[in-house]
Amino acid sequence: MKLFQYTGAFILLMALISCGDQKSADTTEDASAEAKPCTFDYSTGSLAVKWTAFKTTEKVGVSGTFDTLNIAGTKAANTIVDVFSNASFSIPVSSVNSANPDRDKKIFEHFFGTMSETATLTGRVIGVEEEVMSVAITMNGVTDTTAFEVSASDSLVTLSGIISLADWNALESADALNKVCNDLHKGADGVSKLWPDVKLDISAAISKTCE
């Protein structure tokens, strides 16, 4: 009798193990079926560029944007960064906006206005990696490349980088702007200063479509 009891228990145990294995296999198959491919694309009109210049010895930031931004060459892709792998942009400098009309006029006339061939800022993406995007920017008749750090989610991609005006031969234009803003660029030490580096933060909304 005990032999039959042991045999029955063994069969029941094997059946439970077998069912458990089948459930695990089914779960794996279900998860695989749910992993559908997705594509990403640029949401038209969502591009934004924030610039931050720095004044005074203490390096106080002054930020602004551009009201007009044009982008071309984006495409639907399997990764967010690849959406912009062939992108180019143009920005009319007359659309500069620092939320201060008097300052905007000075930036337009004494900074951009003293440069060569800079009615419009232009640029194009020349390299894309997972966390870095290389962008060739043309300003003052000079084209130079800046590496931007990339941060991305399913709905937004942001690029952050710092440009040095010296790389675009634009230090004289910075000096011209600092001259007309002399008192406004003075800190506690009484020194009027406009720093040669400008921080750029670029963002764009992303749409996601899954099959």
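**The disulfide and a helix**

Author: Cys-38 and Cys-210 form a disulfide, with sulfur atoms 1.9 Å apart (a disulfide is a pair of cysteine sulfur atoms within 2.5 Å). This is a predicted model, where local features need pLDDT of at least 70, side-chain atom pairs count only at pLDDT 80 or more, and totals for chains, interfaces and linings use all residues. Residues are numbered from 1 along each chain as its sequence is written, and side-chain values use heavy atoms, leaving out hydrogens and water.

Reader: Which parts does the pair Cys-38 and Cys-210 tie together?
Author: Cys-38 sits in strand 1 (residues 38-42) and Cys-210 in strand 11 (residues 197-210), so the pair links parts 172 residues apart in sequence. Strands are DSSP runs of E, at least two residues, and helices are runs of H or I, at least four, numbered from the N terminus.

Reader: Is Cys-38 buried or exposed?
Author: Cys-38 is buried, at 18% relative accessible area, while Cys-210 is partly exposed at 42%. Buried means under 20% relative accessible area, exposed over 50%, and partly exposed in between, using a 1.4 Å probe and protein chains only.

Reader: Switching topic: which residues are buried in helix 3?
Author: In helix 3 (residues 171-180), those are Ser-173, Ala-174, Leu-177 and Asn-178. They fall within an arc of 140° seen down the axis, so they line one face of helix 3 (the arc is that of the directions from the helix axis to the C-beta atoms).

Reader: And what's on the face turned away from the buried side of helix 3?
Author: That face of helix 3 carries the exposed Glu-172, Asp-175 and Lys-179.
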